[in-house]
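Subject: Structure for your review

Hello,

Here is the structure I said I would pass on. My notes on what was found follow below it.

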Amino acid sequence: MKFQYIAVIFVIIILPISLVIGFYTQSQIDIINRQTTYTTKLNGATYDAVKAFQLNTTNSYYSSVSDSKIRDIEASVNTFYNSLMASLSYTKSELQTYVPAIVYTLYDGYYIYGKRYNTYSDTQINDSGGLIDMTIDTQLNDANKYEYGLKPFVYYSCRYFVDSKTDFVVNFTLDNFISIYGNIDGTYESLSGYLINVDDCELNSENKVYKYKGSEIEETETLKEYLKFNNGESSGVRDGEYTYVVYQNQKIYKSGNTYFWYNQGTAHTVENQEIKNAVDRQTQSAIDYYTDAYNFSNWVNDKLGNIRQENIRLADNSRQLEFTATEPIFETKNQDPEDIASTFNQHRTAVIKNSIISNLITAINSYNGNISSYEYALPELTEEDWEKVVNNVCIISFMQGMPIGGKYFNNYVVIPNDKNNEFVDVDSIYILTSDGQYHMPNCTELVENSAYQQTIVGGYINTSFEKQTMDGSYYYKHVQNSNVQMPYTACYNCIVNAGGKYDLQNDIFANETNRIGSYDISILRNSYLTFLAREKYNLYKTNN
Ligand SMILES: [Zn+2]
């Protein structure tokens with residue numbers, strides 16, 4: 001064959017193939033690049049939304065009130081869209097088309113932000129003053145009847161049915177706190193509390209729990225916080241460190257003979273003698289926490305000890321087939337509800353997951369984002385992401401339908417909010433030592449040195465270590481020396497540098513031997529279990 005032939009054949013056959021392959025490869029690279037870009041932007045916007053939510057909620061200790069929470073979430077949603085708008089050059093309404101749902105999981109339930117039916121246009125008044133009943137058809141045909149906003153709050157709840165005398169609902173939370181309401185043995189009950197393993201409790205002569213999981217609980221504690229006032233003074237109280245007691249969900253501070261509560265730089269004096277007496281008595285929050293939990297858990301074990309997954313019923317009385325395990329769920333003897341592997345905990349996480357999935361399927365699959373060619377569908381969340389959702393306050397954001405060269409983008413992001421006043425997680429306590437540092441309870445420097453453990457001076461929820469702002473200046477609540485306002489600093493070993501830690505759940509929290517190898521951790525555990533219980537007891541509970 002002549003050389004020219006080979007050249008011609010090469011040009012005719014090989015060149016188009018390589019061009020097509022090159023073009024195809026490039027378009028695949030483009031798709032992957034765009035996919036990565038969108039995921040990164042979604043991640044960034046969701047992270048910004050978490051930060052905004054943190055900022056608004058951690059500065060107000062009692063922002064658990066529903067109204068202010070909705071306001072904080074709406075502000076966080078705005079941050080999400082502003083962040084996406086800045087990085088993706090789309091308008092908000094264009095972006096809303098691609099975001100079928102943003103989920104805010106909270107302590108005892110969750111909100112879904114998305115397209116919701118506008119209830120204000122639901123009813124119309126007729127001529128004689130009566131309400132016109134709008135049929136579903138006319139509602140669906142009218143685009144104006146939908147708006148973007150928060151759908152009603154959904155509790156992590158589950159219904160159990162034994163017979164006509166025992167038919168009740170349990171609301172679960174991100175930890176061991178539950179609320180029960182409904183008929184039990186023919187009596188209507190409505191109560192809530194923390195579930196603990198009653199076998200782990202030792203009672204004193206007053207029937208109070210003084211020892212839990214092999215650790216002695218400190219009876220009374222002196223809690224302190226630095227406060228800053230507008231212009232340095234309010235109602236005769238100056239900037240400084242004050243002791244406080246949480247009385248009926250409110251921190252009451254004491255300065256000499258003045259008792260006051262604090263709000264945004266102002267001291268409000270308290271004259272009620274009953275409150276003053278309570279502050280002088282000091283509370284035994286940690287002891288009260290374990291004692292209440294012990295009594296509640298005993299009650300639950302007696303009344304609900306036989307409830308199993310086969311008792312689960314949906315609102316229409318049908319069985320929920322995904323639930324098949326046969327172990328008793330609410331047993332608190334021989335079972336530790338705080339153990340991650342316990343039946344209670346497995347069931348709790350299944351209830352939360354089930355509820356979120358079924359509501360998200362409804363929200364996303366029926367979503368009409370005005371793109372006729374795209375079918376919205378809930379992507380499958382990984383087990384790792386579910387692990388975050390069932391144990392943390394989180395934001396889950398979904399973005400889909402954006403054309404990326406022949407395909408459509410469809411992804412989601414889960415960002416946990418590790419600094420919140422929604423609940424006190426086992427890893428949300430910081431421990432203070434007299435050398436001016438604060439630590440995680442599983443810090444190697446504390447665990448491996450019992451002399452250092454003796455320098456522990458207190459411990460508080462991590463949100464109280466956030467910078468506080470006042471009149472443009474800032475301060476910290478926990479100070480080593482109130483005269484110079486020097487704050488405690490983060491331990492380099494455990495907080496600044498995330499390494500250097502033992503397993504918190506197993507080595508510290510549940511470790512009844514009080515030893516890790518040759519290290520004695522009894523002082524550390526006594527302190528930690530006291531601080532954890534006190535903060536849990538003192539934090540406001542929405543469903544109490
Ligand atoms: Zn440390």
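Not counting residues up to four places away in sequence, His478 touches Lys224, Glu225, Tyr460, Ser464, Phe465, Pro487 and Tyr488. Keep in mind that this is a predicted model. With one of those neighbours, Ser464, the side chain of His478 makes a polar contact of 2.8 Å. His478 sits in the loop that runs between strand E27 (473-475) and strand E28 (479-481). Its relative accessible area is 4%, so His478 counts as buried, the cut-off being under 20%.

Next, the metal site. The zinc ion is coordinated by ND1 of His439 and by the SG atoms of Cys443, Cys491 and Cys494, at 2.2 to 2.4 Å. The angles subtended by the four donor atoms run from 97 to 123°, and the arrangement is therefore tetrahedral; the test is that all angles lie between 85 and 135 degrees. Along the sequence, the donor residues follow the spacing H-x3-C-x47-C-x2-C. His439 and Cys443 are both buried, and Cys494 is buried as well, at 1% relative accessibility.

On the other cysteines: Cys201 has a relative accessibility of 10%, so Cys201 is buried too. The number of disulfides is zero, where a pair of cysteine sulfur atoms would have to lie within 2.5 Å to be counted.

As for the nonpolar cores, the largest has 134 residues, and the members that touch the most others are Tyr160, Phe172, Phe330, Met399 and Tyr528. Helix H6 (residues 285-304) supplies the largest share of this core, with nine residues. Another core lies apart from it and has eight residues, including Ile252, Val270, Ile275 and Val279. Beyond four places in sequence, the contacts of Phe172 are Tyr107, Asp108, Tyr156, Cys158, Tyr160, Phe177, Ile178, Phe330, Phe344, His347, Arg348 and Val351.

Last, Asn183, which belongs to strand E8 (residues 177-184). Is Asn183 buried, exposed or partly exposed? With a relative accessible area of 30%, Asn183 is partly exposed. Setting aside neighbours within four places in sequence, Asn183 is in contact with Lys165, Thr166, Asp167, Phe168 and Tyr188. Asn183 and Ser373 are 190 residues apart in sequence, and their C-alpha atoms are 50 Å apart in space.

Regards

Terms used
Residues numbered from 1 in each chain as written. Predicted model: local features only at pLDDT ≥ 70, side-chain atom pairs only at ≥ 80, totals over all residues. Heavy atoms only, no water. Helix = DSSP H or I, 4+ residues; strand = E, 2+ residues; numbered from the N terminus. Buried < 20%, exposed > 50% of the residue type's maximum accessible area, 1.4 Å probe, protein only. Polar contact = N/O pair within 3.5 Å; in protein donor to acceptor, adjacent residues only side chain to side chain. Contact = heavy atoms within 4.5 Å. Core = buried A, V, L, I, M, F, W, Y, C linked by side-chain atoms within 4.5 Å. Donors = N, O, S within 2.8 Å, 3.2 Å for Na, K, Ca; no water. Tetrahedral: all angles 85-135°; square planar, octahedral: opposite > 155°, others 65-115°.
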